Amino acid sequence: MSDVSRRTAIGTVALGVAAAASPAVTSAQAAAAATPRAPAFAGGHQPKPLRFDPVKLDGLSDKLIRSHWENNYQGSVRTLNTIEGKLASAMSEPDFPPAVYGGLKREELHRTGSVILHELYFDQLGGNGRPAGRIHEALARDYGSFATWEAEFRRTAMSLAGGSGWTILAWNRATRSLHNYWAWDHTNSPVSGEPLLVLDMYEHAYHMDYGTAAANYIDAFMRNLDWGVVEARYSALTRDPKAMSGS
Ligand SMILES: [Fe+2]
């Protein structure tokens with residue numbers, strides 16, 4: 001979450017949100033609104049810029065990438081900030097309905113996943129699609145061949161075509177293995193799985209360029225992957241030899 005977010009711009013954005021959460025603002029709420037919010041509710045998430053020039057991608061249009069980044073990703077950043085403000089406000093109300101609080105917590109989980117996954121997604125684009133390094137060797141070892149890994153990754157992605165979700169290559173701390181996971185929304189990341197490579201299979205990620213031809217979108221995604229970024233994520237997680245034992 002560090003990359004995402006606690007770029008602590010904190011506080012003032014949220015004060016208005018907290019005060020506006022209920023038409024009848026109580027004294028407790030007013031006091032809460034006047035107090036700088038704790039980091040957990042700060043609502044200070046800031047969007048991360050693209051690290052590549054979208055016009056230079058091969059087969060993913062500038063219009064598609066900018067729409068995805070501005071509307072879907074940044075929309076989740078804004079919503080997450082709003083939700084944190086509403087949670088802070090709700091905590092100042094002793095009788096706030098638990099079921100309503102649960103709805104806010106569900107949305108907080110959903111938006112947190114969206115922000116993190118979209119940042120991983122955009123950060124790994126802008127490359128030439130050619131795998132290399134330890135991650136290439138590890139995938140070839142764990143799947144029998146790199147081609148087998150890629151075929152399974154693509155098949156997992158196609159199982160989500162026409163709907164929504166993510167395909168996630170993760171390093172799993174519990175099983176100490178590399179694995180492709182199926183995730184039908186932003187909240188389905190595997191337990192103990194550290195994402196290395198994420199493929200957005202929500203229709204908003206490709207429909208503008210490819211309509212329903214999801215396989216062509218996956219081809220374009222793979223052509224633009226920066227495997228150096230994937231390698232860096234993998235190396236950061238497995239630098240400790242003990243983490244690799246049993247893999
Ligand atoms: Fe997306």
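Reader: Where is the place of R176 in the chain?

Author: This is a predicted model. R176 sits in the loop between β1 and β2. Its phi is near 55°, a positive value in a residue other than glycine. R176 counts as partly exposed, because it has 15 C-beta neighbours inside 10 Å.

Reader: Which loop holds S192?

Author: S192 belongs to the loop between β2 and β3. Phi of S192 is near 65°, and this again is a positive value in a residue other than glycine. With 12 C-beta neighbours inside 10 Å, S192 counts as exposed.

Reader: How many helices and strands does the protein chain have?

Author: The protein chain has 10 helices and three strands. Read from the N terminus, the order is α-α-α-α-α-α-β-β-β-α-α-α-α. The chain has 247 residues, of which 31% count as buried. Among the contacts with a separation of 6 or more, 72% join residues 24 or more positions apart.

Reader: Which residues of α6 are buried?

Author: They are W149, F153, T156 and A157. Down the axis of α6, the buried residues lie within an arc of 100°, and therefore they line one face of the helix. On the other side of α6, one finds A147, A151 and R155 exposed. The buried residues of α6 pack against α5, β1, β2, β3 and α8.

Reader: How far does α6 reach from its first C-alpha to its last?

Author: The reach is 18 Å for a helix of 13 residues, close to the 18 Å expected at 1.5 Å a residue.

Reader: How does one describe two helices that pack together?

Author: Two packed helices are described by the angle between their axes and the distance between the axes. Let us take α5 and α6. Their axes come within 7 Å and cross at roughly 85°. Angles of 65 to 115 degrees count as roughly perpendicular, and therefore α5 is roughly perpendicular to α6.

Reader: Which residues make the contact of α5 and α6?

Author: From α5 come H136, L139, A140 and Y143, and from α6 come F146, T148, W149 and E152. Sorted by class, this contact of α5 with α6 has five nonpolar, two polar and one charged residues. W149 is also one of the buried residues of α6.

Reader: At what angle do the axes of α5 and α9 cross?

Author: The axes of helix α5, residues 133–143, and helix α9, residues 227–238, cross at roughly 80° and come within 7 Å. This makes α5 roughly perpendicular to α9. In this contact, G133, R134 and I135 of α5 meet W227, V230, E231, Y234 and S235 of α9. The residues of the contact divide into four nonpolar, two polar and two charged.

Reader: In which strand is Y181 found?

Author: Y181 is in strand β2. Its contacts, leaving aside neighbours within four places in sequence, are with I168, A170, P190 and G193. Y181 and E152 are 29 residues apart in sequence, with a C-alpha to C-alpha distance of 9.9 Å. Having 18 C-beta neighbours inside 10 Å, Y181 counts as partly exposed.

Notes. Residues numbered from 1 in each chain as written. Predicted model: local features only at pLDDT ≥ 70, side-chain atom pairs only at ≥ 80, totals over all residues. Helix = DSSP H or I, 4+ residues; strand = E, 2+ residues; numbered from the N terminus. Buried ≥ 20, exposed ≤ 12 C-beta atoms within 10 Å, placed from the backbone. Contact = placed C-beta atoms within 7 Å. Axes fitted to C-alpha atoms, helices over the stretch in contact; angles between N-to-C directions. Parallel < 35°, antiparallel > 145°, perpendicular 65-115°, else oblique. Nonpolar A, V, L, I, M, F, W, Y, C, P; charged D, E, K, R; others polar. Expected span 1.5 Å × (residues − 1). Arc of directions from axis to C-beta.
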